[in-house]
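Okay, thanks for coming, everyone.

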Amino acid sequence: MKELSTERLDRLLDSVLKPSRYIGGEMNAVSKPFDQAELTFAFCFPDSYEVGMSHLGIKILYDIINKQPWALCERAFMPWPDMADGLRRENLPLFSLESRQPLSRFDIIGFTLQYEMCYTNILEMLDLADIPVYSADRKDGPIIMAGGPCAYNPEPLAPFIDVFQIGDGEDMMVEAISCVRDCKAAGKSRLETLRALAGIEGIYVPAFYEASYNEDGTLASFAPTDPCAPSVVRRCVVTDLDHASYPSAFIVPYTEAIHDRIVLEIMRGCTRGCRFCQAGMLYRPVRERSVETLLRQAEELENATGYEEISLSSLSSGDYTHLTELVTALIERYKDKKVSVSLPSMRLDSIVKQSLEETQKIRKSGLTLAPEAGTQRLRDVINKGVTEDDLIRAVKDAFETGWSTVKLYFMIGLPTETEEDLAGIGVLARDVINTYFSVPKSVRAKGLRVTCSASTFVPKAFTPFQWQGQDEYDTIIKKQKDLADILHQVKGVNFNWHEPELSMLEACFARGDRRMADVLYQAWKTGCRMDAWSEYLRFDLWLDAFKACGLDPAFYANRMRGEKELLPWDFIDAGVTKAYLWCEWQRALKGETTPDCRNGCQGCGMQRFEGVCSK
Amino acid sequence: MKMLVIFEKSKRIRHVGHLDLMRTMQRALRRSGLPVAFSNGFNPHMLLNFAAPLSVGTSGRREIMEVPLSKEISEADFKSALSAALPSDLPCIAVRAVDDKHPAPMSMLRAAAYSIEFYENARPLIDAIPRLLARDTIMVMRKTKSGEKLCDIRPMIYDLCAVDDTHISCTLSICESATCKPELLMDALYAEAGLAERSYCLYTRMQMYGENMVPLELL
Ligand code: SF4
């Protein structure tokens, strides 16, 4: 086993970019004696420290594990490439930030899967930790777990991960680590431990399942091979969010994280039913926290962190029942302490003018709106229940209350998209600008800034668009160019787009099967890592990896799937049923919209979960 | 009223850059609930003054930060509230209350003592110390904003000696017109010793001084 030498580590840290990423010891980080814990858990985030420390899930689970007196949770992040190379050169193992233990000494290593393009980093981190990347090669050492939104299609990672957690982690995590602790205390073997874990609701142990394929490459069968493994893995759901565990202190990084502030998770889930949105399907139904709970959490966190900003987090904060009451109370409480309140991911049809006026008392940040598509027809296809009038009313309100920066998010390559839909984006942008100039000079703020961002649509598992093929690379490039031309003609608009290469790889993994693991391994072996960072993405190596594995990216990214096709993630019961998703897909093609189920159950499948949907 | 805070920035915290340290201190002061004075204006912020920023990687045994206050408070109360709000690796060692007219520590700073520690025997380097000190001028290349410049650091070296085989200590000028960082002194010492290869070492600023070598924190 590689040992951590203080001298070599000191020297290495003095030679890398931003060494403060690797030091730990931040305010509110735990310091428990490593050797006294009955169970040790290394929470690994497969991206940089700055990205990982901005993530809410890690804060919640770190807190929950450390709340157990017998357990210890420490953190590790993907080292920046200079540090990763340095660790190899100096023969040092990847270590946890808190007590600088080599990761291989932990009982469990848990990865959070937020984004497919972090997958090579998982292999890289395991390798840096001196742990065999394939489960089958691990005879002892830590059990490798993974959870998070991408775990809903776990197959591309199946050979590397021992245990997946599907669904809300709060309760399941305690059950899983208790199980491992008990197995460890009872001296059970690795296999016995995995068997015990497989019996917990929400847990998927890929080694206990087998897949076979048809001649055309589609999945022929998928079934458990061990009696301990359920044939359907059911997602875990936290029913009472108001009483769910939430940290009373956040770790305060020394170096600035991307989001370095207090986050209040005001609710989980969104039932508006946008058909491209995986989160909207995976986190059903809507569960809210009470204003009382949130104000208490804000106070605890403010005292414990000294942060200057509170942000409200959810999939659609504008839908939170008590938004005005909450925002008003927060502003009232914190204005003297110079703490600002910000509302991200606001749905444009529910912006409360009153809240806007309240927030700008403290600070005016930009207004972000996501119409997603340029015409009403296409917005109906994707079930984005927002009209042009809604949008214009929202920006008018914003301009009248002194905002002048607007960001508009769109997707290109949505199902049924035509040239007219792209042209519609230009029309919307022009209307936003005209709205600004229609507000009297004496009222509006100076310096209008309108930015249009276009990302490439990536079809995701467990959405009504899971059967849809992604646009081919050349089509995406052409659409991006056309849109750039259209927006070029609108004076005063900035246009950004995302690299289509990344969206294509994302599409392959988002609906990939077990064979994608070979591509992943091959790409990593030939040097791919940090793919989400454009300066490190090596698309050429990825294409080579597909070739070397005899697989075609188009099979995964661009192919239309049929109703009867067995999909690699069909064995997971995410709550929303395949029948409901298919029905939504058919409605989408007809341009029929589906209303938010808060006003009437649509029968998505969640009603089968006890105590989840009251309707 | 202002409070001079003497704190230690060592071990893993030596890797924290100056801007990050300032933010860390601001947040600690916010957590402490102490009556820190804010600037006026659109974006009010704390006006913390540090005697001298440390380079990333260099430790500081007795660093000094000046905190303007909006209300009187006893030294003991201030120290205990701040200590409770600081991460354990960034301890507050002492505080001293001064009145608003007290000159900023940075303006009184003249020199600093450093300790330079090696993991391995540094004898060949140490042997070069008397030869270096015997020189009338010591010309080194110094990076400035406008590029590199040759300058004489001999008058900026107040003291330089070996403590033992792995440990050098020195006192160097640090003020607006004449600052010599310990790394620069080491450049000269390596050149004097004729050694091409560098040994890894850790730098620690042990103490800062004002006029007549009076510790800055007492001025
Ligand atoms: S079961 Fe009905 S109420 Fe519950 S999330 Fe699904 S559609 Fe909405």
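So, to start: by class, how many nonpolar, polar and charged residues does the shell around the ligand have? It has six nonpolar, three polar and one charged. The classes here are Ala, Val, Leu, Ile, Met, Phe, Trp, Tyr, Cys and Pro as nonpolar, Asp, Glu, Lys and Arg as charged, and the others, Gly among them, as polar. As for who they are, the residues around the ligand are Arg284(A), Pro285(A), Cys597(A), Cys601(A), Gln602(A), Gly603(A), Cys604(A), Met606(A), Gln607(A) and Cys613(A). A residue makes that list if one of its heavy atoms lies within 4 Å of the molecule.

Quick housekeeping. This is a predicted model, so local features need pLDDT of at least 70 and side-chain atom pairs count only at pLDDT 80 or more, while totals for chains, interfaces and linings use all residues. Residues are numbered from 1 along each chain as its sequence is written, chains are lettered from A and ligands numbered from 1 in the order in which they are written, and side-chain values use heavy atoms, with hydrogens and water left out.

Next, the rings. A pair of aromatic rings is described by the distance of the centres and the angle of the planes. Rings of Phe, Tyr and Trp (the six-membered one for Trp) pair if their centres lie within 6.5 Å; planes under 30 degrees apart are stacked, over 60 edge-to-face, and the rest tilted. Searching the whole structure gives 29 aromatic pairs over all chains. One of them is Tyr134(A) with Tyr521(A), a tilted pair at 5.0 Å centre to centre and 40 degrees between the planes. Tyr134(A) is in the loop between α5 (119-128) and β4 (143-147) of chain A and Tyr521(A) is in helix α17 (residues 516-525) of chain A, so this contact ties together parts 387 residues apart in sequence. Helices (H or I, at least four residues) and strands (E, at least two) are DSSP runs, numbered from the N terminus.

Buried or exposed? I use buried for under 20% relative accessible area, exposed for over 50%, and partly exposed in between, with a 1.4 Å probe and protein chains only. Tyr134(A) comes out partly exposed at 23%, and Tyr521(A) is partly exposed at 22%.

Then there's Phe509(A) with Trp542(A): the centres are 5.6 Å apart and the planes are at 80 degrees, so that one is edge-to-face. Phe509(A) belongs to helix α16 (residues 500-510) of chain A and Trp542(A) to helix α18 (residues 539-548) of chain A, so the pair ties together parts 33 residues apart in sequence. Phe509(A) is buried at 1%, and Trp542(A) is buried at 1% too.

There's also an aromatic cluster made of Phe164(A), Tyr204(A), Tyr209(A), Phe222(A) and Phe571(A).

Some rings have a charge over them, meaning NZ of Lys or CZ of Arg is within 6 Å of the ring centre and within 35 degrees of the ring normal. Arg234(A) puts its charged end over the ring of Phe609(A), 4.1 Å from the centre. Arg559(A) lies over the face of Phe555(A), at 4.1 Å from the ring centre.

On to salt bridges, where a side-chain nitrogen of Lys or Arg is within 4 Å of a carboxyl oxygen of Asp or Glu. How many turn up over all chains? The search finds 64. Take Glu50(A) and Lys18(A), which meet at 3.5 Å, N to O. Glu50(A) sits in helix α2 (residues 49-52) of chain A and Lys18(A) in the loop between α1 (6-13) and β1 (39-45) of chain A, 32 residues apart. Glu50(A) is buried at 7%, whereas Lys18(A) is partly exposed at 44%.

Glu265(A) bridges to Arg268(A), with the closest N and O atoms 2.8 Å apart. Glu265(A) is buried at 8%, and Arg268(A) is buried at 8% as well.

Last stop, chain B. Strand β11 (residues 201-209) of chain B is mostly covered, with seven of its nine residues buried.
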